[in-house]
Amino acid sequence: MKPMDLGAARASTSLPAALGQRIEPTPESKPLLKIEELSLSRGESLILDNVTFSLRRGGTLGLLGESGAGKSTIALTLIGLLRTPEVGLSGTIELDGAGNVTEAGEDAWLKLRGRRVAMIFQDASAALNPCFTIGRQLMTPLRRVMGLSRSAARARAIELLESVGLNDTPSRLSAYPHQLSGGMQQRVMIAIALSSNPDLLLADEPTSALDVTIQAQIIRLILEETRRRSASCIFVLHDLALASQCCDDIVVLYGGQVMETGPSRIVLEAPMHPYTAALKGCVLEFDTEELRPLPSGAPSFASKTPGCRFAPRCPRALEKCAANKPPLADVHGRKLACWNPLT
Amino acid sequence: MTTAPIFRLLDVQKAYEVRAKGGSLFTRAKRRLRALDGVRLSLGPGESLAIVGESGSGKTTLLRVLLGLTQPTDGRALFREKDIGDLAGTDRDRFCREVAMIYQDARGSLNPRMSVLDLVAEPLDHHKLCAKAERRDRVTALLTRVGLAPEMMSRYVSALSGGQLRRVAIARALASEPSVLVADEAVSGLDVSTQAQILQLLRDLQREMGLSLLFITHDLGVAAYLCDRIAVMYLGRVVEAGATREVLKAPAHPYTRALLNASPRFFAPISDPLPGEVPSPIDLPPGCRFAGRCVRAQSDCHTREPALTPASPTRAFACLHPLPFSEPSAH
Ligand SMILES: Nc1ncnc2c1ncn2[C@@H]1O[C@H](COP(=O)(O)OP(=O)(O)O)[C@@H](O)[C@H]1O
Ligand SMILES: Nc1ncnc2c1ncn2[C@@H]1O[C@H](COP(=O)(O)OP(=O)(O)O)[C@@H](O)[C@H]1O
Ligand code: SF4
Ligand code: SF4
Ligand SMILES: [Mg+2]
Ligand SMILES: [Mg+2]
């Protein structure tokens, strides 16, 4: 993809050190999160099929794919919110220091959720409680989770709101969510999520309801604040270009199966999986003349579907694709599940 | 080219009376909120125009004025050189048939109790465009044109996917054989693959049927793909307008530049974001209304208000200290 002339303005914009530098893993450091062969079923539907990926401490990872791919399901599983009887879970989720949490009970999750793993949702106005002030929603977890006194919680709440870019913070504490703009509400959610210094932040489409200008502010804020804390972040995104800008690694999902995963520089620069390539072919750049949309279609989640779930829509499908599931194998610096990849 | 424009806005102003925040209900003074403040633009036959800008910049209000849903408080809004608010009789019928709208919320804008057949045929019936016997054939042709199987006719809105819904909305818009399509964020909220399909369809329709297109979007990539011309709005004003490719290649207005920088680009570092948010259009300070967020603002920007001024046959902007932009070399 040939980047168009971005003009002098962008070239001259110097990035703060926190954004420019990547935190390199030390050789002995274990990944913060290691997911292996995670499968999730609801009745006869296999919603996640053998999902495997890992995330290093301080790293950012993007989950990409069309709606229904299973991105939110992964995020909700990682914060222990899909633990109902109708959900069947197998495989392992290793969170550094907490072991395999796939089988953890609710009391174990109460110690992890909001403390070591926190989440930001797409729709801040729905996630914030409309009846409580911003101050109360920020201070309650600070007191309960961090054990701060009332006045210490208040001081910390003001600090947090300032760090996410709200002005006039003492008076914002008594504001209700509806009195803030969408961008401001999202900032408050970020402040709440960061209040317990989590190791892992999950951001499920945190900016899809916002203007691009506010999106840029929010994504930068999340990157700056997580890097400052050496926390890792999983972004759920549907914009490949945005993912290339904010994720070290990406996981491309289709129908609950990992299609392609690896460093975003490698995967998004030159996709080898037909699905990743098709998604990239839908991204508009300012000089796009022709789009190459995929044919319509939704994956089958029937647990008995044997082969590659993308086969019905795949322009490169071979005869064996529908019957045999391709394994996730190492190819050219990435992992790829495809019988007939692009070269 | 001297074809008469279909739409023309002459310094349109739309002000709302609102109560300012703060104080009690009784002491709150009424204030004027200028959602549109001196907008001048035109749309000719076969032209495509994108209106872009952050939320709160007045895009939807502009559309409501064009559709005659609200009257300008000052200036004139013309359809084929007649005031839209005064259209009556056959002029009004012609306006309703010629101007078709595609709404942002496709699901909400289509009656869930009507079948696809009736939804698409409604404009045919309303404008008495075909005999009862031809109705099915016309709907079949329209559905085929937007890429839907004729079997869809018997379905209801609840059984359609997001992409199918947009196609039904487009088929319905085309039923009255319009000359202008007007759309407000018609592809937002769709998956990229569905969005690409719908955009491709809209561009084909526009080109093949010679339709005029007025497309409101917050996505500059969508604007570039679909529209030859672009108008960038900020706080009720057009701050930059011109040929889309030229404007996006080298914007003259700092606000256009900021929108461009904020748009995701493969592997580009995330730029320094534009600070703050669009302020409320009540009690605007004198001078340029972008000055509070502008990286190029100088002292005169706080006292002098720049007007939208043509800089070349294909470019116009409202800025006292524009970014350098070169005129396209003649071919
Ligand atoms: N509560 C639920 N009950 C049944 N099926 C669900 C539920 N939530 C999600 N699903 C199904 O799981 C699949 C993945 O959904 P989701 O994780 O929300 O995808 P994404 O976030 O990628 O859009 C979809 O097919 C969806 O229909
Ligand atoms: N009916 C109304 N009464 C009062 N203010 C309004 C009304 N409609 C729009 N506005 C205000 O006008 C401005 C422009 O709104 P709008 O045209 O919806 O912008 P956009 O579509 O670009 O987001 C906003 O500040 C909005 O709050
Ligand atoms: S395995 Fe076959 S169907 Fe699946 S993506 Fe590869 S080529 Fe296409
Ligand atoms: S007139 Fe001044 S403040 Fe306004 S956009 Fe131009 S440089 Fe910025
Ligand atoms: Mg989701
Ligand atoms: Mg609007």
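The model being predicted, local features need pLDDT of at least 70 and side-chain atom pairs count only at pLDDT 80 or more, while totals for chains, interfaces and linings use all residues. Residues are numbered from 1 along each chain as its sequence is written, chains are lettered from A and ligands numbered from 1 in the order in which they are written, and side-chain values use heavy atoms, with hydrogens and water left out.

View 1. Gly56(B) puts a backbone N or O atom 2.7 Å from a ligand 2 oxygen. On its own, ligand 2 exposes 560 Å², of which the protein buries 64% (Shrake-Rupley areas, 1.4 Å probe).

**View 2. The shell around ligand 2.** Counting residues with a heavy atom within 4 Å, 13 surround ligand 2, with Gly56(B), Gly58(B), Lys59(B), Thr60(B) and Thr61(B) the closest. Helix 1 of chain B gives the most, 3 residues (helices are DSSP runs of H or I, at least four residues, numbered from the N terminus). Sorted by class, the shell holds 5 nonpolar, 6 polar and 2 charged residues, where Asp, Glu, Lys and Arg are charged, Ala, Val, Leu, Ile, Met, Phe, Trp, Tyr, Cys and Pro nonpolar, and the others, Gly among them, polar.

**View 3. Helix 6 and helix 7 of chain B.** Helix 6 (residues 162–175) and helix 7 (residues 192–209) of chain B pack at about 15°, axes 10 Å apart. Axes are lines fitted to C-alpha atoms over the stretch in contact, and angles run from 0 to 180 degrees between N-to-C directions. The two are therefore roughly parallel (under 35 degrees; over 145 is roughly antiparallel, 65 to 115 roughly perpendicular, the rest oblique).

**View 4. Helix 4 and helix 6 of chain B.** Helix 4 (residues 116–126) of chain B packs on helix 6 of chain B at about 25°, with axes 7 Å apart. This pair is therefore roughly parallel too.

**View 5. Helix 6 and helix 7 of chain A.** In chain A, the axes of helix 6 (residues 134–144) and helix 7 (residues 150–163) come within 9 Å and cross at roughly 120°. That makes these two oblique to each other.

Conventions: Polar contact = N/O pair within 3.5 Å; in protein donor to acceptor, adjacent residues only side chain to side chain.
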